[in-house]
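Good morning, and thank you for making the time. I would like to take you through one structure, beginning with the contact between its chains and then turning to local features.

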Amino acid sequence: MKRFINGIIVPVILLLLWYAVTRMQIFNEYLLPSPGTVWEALTELATSGELAKHLSISLRRVFFGFLLAACTAIPLGIVCGRSRYFYTYCWFLLEFLRHVPPLAAIPLIILWAGIDEASKLTIIFLASFFPLFLNTISGIRNCEPKLIEVGLSLGFSKTQLIRHIQLPAALESIVTGLQLALGYSWRALIGAELIAASAGIGYLILDAEEMSRPDIVLAGMLCIGIIGSLLDWAFLHVLQRLIPWYQK
Amino acid sequence: METDILFLQNLKKTYGNKTAVNIPSLEIRPRTFTCIVGKSGCGKTTLLRLLAGLETPDTNTKSITGLPAKTAPVFQEPRLMPWLTVKGNIMFSLKGQNGMPAAEERCWQLLKELELTEAAGLYPAQLSGGMAQRVSLGRTLFYDPELILMDEPFSALDYFTRRNLQEMVLRLFRHQQKTILFVTHDVEEALLLGDRILVMENGSIKADIPVMISFPRKAADTALQKMRQSILDLLA
């Protein structure tokens, strides 16, 4: 509770500053709407059902893109992490691909996958695949050799070593990768929706900008930040259940 | 039985130009407690790793015969699985086997003998050094090997915890009738525990000393101190 109270002190101060600045009319209302105006826009979107509609579309995209990334990155990461030759032959390609942001590939993705759901899912997939893939490899490769020796000394086969030692040892790294991937996929989604979408929270912001509604833009941004934080918080709770020994 | 005796013949292990182990001949009888002492780098740990199958000897001929089917080490560090509780760690060897009769009962019995019953549900990060090392010992005992290889298992612990665990090991040795090879750099510890002391130097056995002092042994015993001094003189 104390931690929560300490954490909201700065946002409350910023909110009060924002209110004071708009009350003193330092900036044009168009450039910086007041907290009250933004709140009104937010409640209007909520009561009309539009906010829920756009949020649910965005969350569905994140869910499927993230799930696809997880289902491919983790098994592939395990196989590559166990391979002696993988890094020898693939490190340069990996480093290259890691530094190309998915948003830079949007024009190409739109060309190949169109402007429907496929392109958005592809962007989310690309954004979330690499952190998860690399974290999985790292978790497998960095399994403490001394723990492997324990397994060998107890007569474990190769499969048993992977199943009972390497995979559980890699779990922390994989879960960290999942947490990173979730954040990246949310951010990539908003970028994708800003450029090529007809629904979703990113589209809502772009549409508001075109309609000269900065209050809705700010309301949308607040939603993005709050939802992103809630996703992370919810994930941490799941994490604590999956790896209860982590905190201990 | 003759077949129960562990024979080492022309056992060699080199790392580059350095000979870590070079033992022409050595015999370890079953149900004995043999301690190996020597300076750092003399090959004690390498010898144990060769017997545990974690290293491969250089020699082509069969240099280790009579090795029991089940041999397990207790390492210097506990090497517990962080994702398993104390009970899970003790029963860890089950994952490599096709079940064990009365496994749960056996585990609780070991937890009781090792004074870990209250800690059964704790994770390794919540344990003290002494507790963690007891769990490591419990894990090996649960596996029920005929030969236990102990590589300086108590060296990182304080005096009182060490004494407590030494007494525990002796009690378990007498109760379970295992063969134990115990590596230590502490000559006094070797004399308190072993029936026999092998003094190693530069990879070879320099001296093979039976310990004829009856139990219970005390560190202050004149006979023990005399033996201790003569072994230290050998090592010097």
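**The interface between chains A and B**

Between chain A and chain B, about 1,800 Å² of area is buried, and carbon and sulfur atoms give 68% of it. Buried area here is the accessible area, taken with a 1.4 Å probe, that two parts lose on being put together, summed over both. This is a predicted model, in which local features need pLDDT of at least 70 and side-chain atom pairs count only at pLDDT 80 or more, while totals for chains, interfaces and linings use all residues. Residues are numbered from 1 along each chain as its sequence is written, chains are lettered from A and ligands numbered from 1 in the order in which they are written, and side-chain values use heavy atoms, with hydrogens and water left out.

Which residues make up the contact? Chain A contributes 17 residues and chain B 21 residues, where contact means heavy atoms within 4.5 Å.

Three salt bridges are counted between the two chains; the criterion is a side-chain nitrogen of Lys or Arg within 4 Å of a carboxyl oxygen of Asp or Glu. One of them pairs the side chains of Glu149(A) and Arg49(B), at 2.4 Å from N to O. On the chain A side of the contact, α7 and α8 (158-195) each supply at least two residues. Helices are DSSP runs of H or I with at least four residues and strands are runs of E with at least two, numbered from the N terminus. The greatest contribution from chain A is that of α7(A), with six residues. By class, the side of chain A that touches chain B holds 10 nonpolar, four polar and three charged residues. In this scheme Ala, Val, Leu, Ile, Met, Phe, Trp, Tyr, Cys and Pro are nonpolar, Asp, Glu, Lys and Arg are charged, and the others, Gly among them, are polar.

Lys146(A) also forms a salt bridge, with Glu77(B), the closest N and O atoms being 3.4 Å apart. Lys146(A) lies in helix α7 of chain A and Glu77(B) in the loop between β5 (71-74) and α2 (86-90) of chain B, so this pair joins two chains. Over all chains, the whole structure has 16 salt bridges.

**Strands and local geometry in chain B**

Let me turn to the strands of chain B. An open sheet of three strands has the order β2-β1-β4 in chain B, with antiparallel pairing; two strands pair if DSSP finds at least two bridges between them. Its edge strands are β2 (18-28) and β4 (64-65), each pairing on one side only. Strand β1 (residues 6-15) of chain B and β4(B) are joined over two bridges, and Phe7(B) has Thr65(B) as its bridge partner in β4(B).

Elsewhere, strands β8 (residues 196-201) and β9 (residues 204-210) of chain B run antiparallel and are joined by six bridges. Val199(B) is partnered by Ala207(B) in β9(B). These two strands form a hairpin with two residues between them, and Asn202(B) in the turn has a positive phi of about 50°.

Most residues other than glycine have a negative phi, and most peptide bonds are trans. Arg31(B), which is not a glycine, has a positive phi of about 55°; Arg31(B) is in the loop between β2 and β3 (33-37) of chain B. A cis peptide bond, with omega about -5°, joins Phe215(B) and Pro216(B), and Pro216(B) lies in the loop between β9 and α7 (222-235) of chain B.

**Confidence**

How confident is the predictor? The model scores ipTM 0.88 and pTM 0.80. Mean pLDDT, the predictor's confidence in each residue from 0 to 100, is 90 for chain B, where 98% of residues reach 70 or more. Chain A averages 88, with 99% of its residues scoring at least 70.
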